[in-house]
Amino acid sequence: MLPKLIGMIHLGALPGSPRFAGDFGAVVDAAVADAEVLESAGFEGLMIENFGDVPFYANDVPKVTVAAITHAVGRIGDAVTLPFGVNVLRNDAAAALAVSAATGASFIRVNVLSGVMYTDQGPIIGRAAEIARTRAAVAPDVAVMADVFVKHAAPPPGITIEQAAEELAGRALADAVIVSGTSTGRPPTLPLLRKVAGAIPDTPIYLGSGVTASSVSRFLNVATGVIAGTSLKKGGVTTNPIDSKRAIAFITAARK
């Protein structure tokens, strides 16, 4: 079963990426520290992604990136007892499954599992058939959480979010569907969330961006769970460390 309250670990720039500052140990230590704060605050799971690796590859990240993420995720997994998931940005779900197989991750996030989305990396086409078979071969117990109309992207004309959600759950075999706002730190609207929930009532629905301590209870009236990141950071800045007070306030509000 997927955890309900998932906290984000935004990894800093990793070796091989343009903004890597040369101290990989410091990047990993910062991620471990964030994970420990989230666990202490009461989060039930973690999502780990290579947020600092901008600009992102669309579908196939370099081998050095896979190696670095695997090491970082392994260190985080050793430091906490929470279940954790992996998202290899922008959309390398095969790499995320490989990392999961090596580290014991419980779930992955896939930005574009089916259909096509127009992104800042160009058109990204979902590869659900490949991912389903790779999962069966290397990580059969790992759940797939898939975004519908993922943030930082635009869908092709003529398709509704309800149709896209139905395809994800029914044909792409997503275990959960994630609904986000237009970009990192921005929430979706409640009417949009209700559209998705109404289209796939038997599939878990997660909020994937913009959830705050003041809004989480409203969203959890509709959604199964949330993935929280930016609102937990010091000053509400995505690249800052987790603020323990913000994390505790979020959990307190969510559990009400």
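Let's start with a pair of helices: H5 and H6 are oblique to each other, a word for angles that are not under 35 degrees (roughly parallel), over 145 (roughly antiparallel) or 65 to 115 (roughly perpendicular). Helix H5 covers residues 161–170 and helix H6 covers residues 190–199; they pack at an angle of about 45°, and their axes are 9 Å apart. Axes are lines fitted to C-alpha atoms, for helices over the stretch in contact, and angles run from 0 to 180 degrees between N-to-C directions. Helices (H or I, at least four residues) and strands (E, at least two) are DSSP runs, numbered from the N terminus.

On the H5 side, Ile-161, Glu-162, Ala-165 and Glu-166 meet Leu-192, Lys-195, Val-196 and Ala-199 of H6, where contact means heavy atoms within 4.5 Å. The residues of this contact divide into five nonpolar, no polar and three charged. Here Ala, Val, Leu, Ile, Met, Phe, Trp, Tyr, Cys and Pro count as nonpolar, Asp, Glu, Lys and Arg as charged, and the others, Gly among them, as polar.

## About the model

The model is predicted: local features need pLDDT of at least 70 and side-chain atom pairs count only at pLDDT 80 or more, while totals for chains, interfaces and linings use all residues. Residues are numbered from 1 along each chain as its sequence is written, and side-chain values use heavy atoms, with hydrogens and water left out.

H2 and H3 pack at an angle of about 40°, with 10 Å between their axes, which makes H2 oblique to H3. Their crossing is right-handed. From H2, the contact takes in Val-66, Ile-69, Thr-70, Val-73 and Gly-74; from H3, Ala-95, Val-99, Ala-102 and Thr-103. Sorted by type, the residues of this contact are six nonpolar, three polar and no charged.

## The barrel and the open sheet

Now for the strands. Eight of them form a closed barrel with parallel pairing, in the order S1-S2-S3-S4-S7-S9-S10-S11; two strands pair if DSSP finds at least two bridges between them. Neighbouring strands of this sheet are turned by 25° against each other on average, direction ignored. Strand S1 (residues 5–10) runs parallel to strand S2 (residues 45–49), and five bridges join them. Within this pair, Gly-7 has Leu-46 of S2 as its bridge partner.

There is also an open sheet of three strands, S6-S5-S8, with antiparallel pairing. Strand S6 (122–125) and strand S8 (153–154) stand at the edges with a single partner strand each, so one side of each is left without a neighbour in the sheet. Two bridges link S8 to strand S5 (residues 116–119), and Tyr-118 has Ala-154 of S8 as its bridge partner.

Most residues other than glycine have a negative phi, and most peptide bonds are trans. Here are some exceptions. A cis peptide bond joins Val-54 and Pro-55, with omega about -10°; Pro-55 sits in the loop between S2 and helix H2 (63–79). Another cis bond joins Leu-89 and Arg-90, with omega about 10°, and Arg-90 lies in the loop between strand S3 (84–87) and helix H3 (93–103).

His-152, which is not a glycine, has a positive phi of about 55° and lies in the loop between strand S7 (143–148) and S8. At 38% relative accessibility, His-152 counts as partly exposed, the range between buried (under 20% relative accessible area) and exposed (over 50%), using a 1.4 Å probe and protein chains only. Leu-173 has a positive phi near 65° and is found in the loop between H5 and strand S9 (176–179). Leu-173 is partly exposed, with a relative accessible area of 46%.

Conventions: A crossing is left-handed if the near helix is turned anticlockwise from the far one by less than a right angle, and right-handed if clockwise.
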